[in-house]
Amino acid sequence: MEKKHRPDPILFGICILLVAVGILVLASVSASFSLQRFGTTFYFLIHQITHGLLPGLLFGSIAFFIPLALVKRFSLPLLIGVIILVGLVFIPGIGVKSGEALRWVSFFGFSFQPSELLKPAFIVYLAAWLASRVSQKNKNATLLPFVGILGAISLFLIAQPAVSTLGIIGITGLAMYFFAGTPVWHTALLLFGGLGGLFVLMKLAAYSKLSYVLNRVAVFLDPSLDPLGKGYQIQQALIGIGSGGITGVGLGLSFQKFGSLPEPIGDSIFAIFAEEIGLLGAVFLILLFLAFAWRSFVIAQRAQDPFAKNAAIGVACWICVQAFINMGAMIGLLPLTGVPLPFISYGASALIAELIGIGILLNISKQT
């Protein structure tokens, strides 16, 4: 049995910094928006703390203290339970529609987004599944079952639709599959198959409620396209980032957050952060996520148990891929996706899921 010790102090410090920066940035960005909608400057901040941070610390602590062997043993029931929650969004009276999407469920006045919980649940199950399958002699037998697992989850997410969440889960799953020691040609085949599936999805988007995907790709290819319509968000994001300069306009002094930039506390929050804190602040945040990735992979490398190794890689890829997709979209390097910036964007469900992931990662670190 592996000897347990204290959790990785460097990773713990990085996580505290990320959460603290998130609370600080949200307090600054949400004040005017909150005052306009609810008559108080602290509504979104208090909601993020009471509905996201505090429950996230509770469930993250459970993920930290629970034995990893128990997590591995119940990974399948956990995934099935979360998939059932995801399926509830399609039930009238329980599922909550926002625009054209069904991504929320509501119980007794409390609403949450179950697809966010799908991320850690999928990572834990896939880590356990890969640990058991790759240890067998015939590694070639992993390809089709892996496609089946990912395909089943894809059906639920495309139906909502939550294509960006599917993209995060797909990239994370592919990275875990590759680092688990499966044949390289499997990963290459999955990568080309995923690109082919994305092409088909884009073709079907023109005839379904996924048309927003085509709009985002079109704006990415031509940022000047429809600057007052489809391209409005990216144009305003770039204006905000550019206005920040090297040192920023000052914390709380953003102009773009006063109605100019859509989703200022959601997926656009990085643009407001860069406007207020400047290039130096943006670089600091990027370095924090890079440090998180580095320390997570160190923990994964030191893990002796294949399940722990796979889970650590999964959590690291999920958090960092999502962060860099969000930031890349805000500076025009990637199409707009709508994914939140981990620990920074407003969203209680996302923060709870992220803190659960941190709990799992810190749990692994104390046994490496």
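K366 is located in the segment that follows helix α13; helices here are DSSP runs of H or I with at least four residues, numbered from the N terminus. The model is predicted, so that local features need pLDDT of at least 70 and side-chain atom pairs count only at pLDDT 80 or more, while totals for chains, interfaces and linings use all residues. Residues are numbered from 1 along each chain as its sequence is written, and side-chain values use heavy atoms, with hydrogens and water left out.

The side chain of K366 reaches the backbone oxygen of F64 at 3.0 Å. L144, for its part, lies in helix α6 (residues 143-159). The C-alpha atoms of L144 and H186 are separated by 9.8 Å, although these residues stand 42 residues apart along the chain.

The table gives accessibility, where buried means under 20% relative accessible area, exposed over 50%, and partly exposed in between (1.4 Å probe, protein chains only).

| Residue | Relative accessible area | Class |
|---|---|---|
| K366 | 10% | buried |
| L144 | 70% | exposed |

Helix α13 (residues 348-365) packs against helix α1 (residues 9-38) at an angle of about 170 degrees, and their axes are 11 Å apart. Axes are lines fitted to C-alpha atoms, for helices over the stretch in contact, and angles between N-to-C directions run from 0 to 180 degrees. α1 and α13 are therefore roughly antiparallel, a term for angles over 145 degrees. On the α1 side, L11, F12, C15 and V19 meet L355, I358, L361 and L362 of α13, contact meaning heavy atoms within 4.5 Å.

Technical notes
Helix = DSSP H or I, 4+ residues; strand = E, 2+ residues; numbered from the N terminus. Parallel < 35°, antiparallel > 145°, perpendicular 65-115°, else oblique. Polar contact = N/O pair within 3.5 Å; in protein donor to acceptor, adjacent residues only side chain to side chain.
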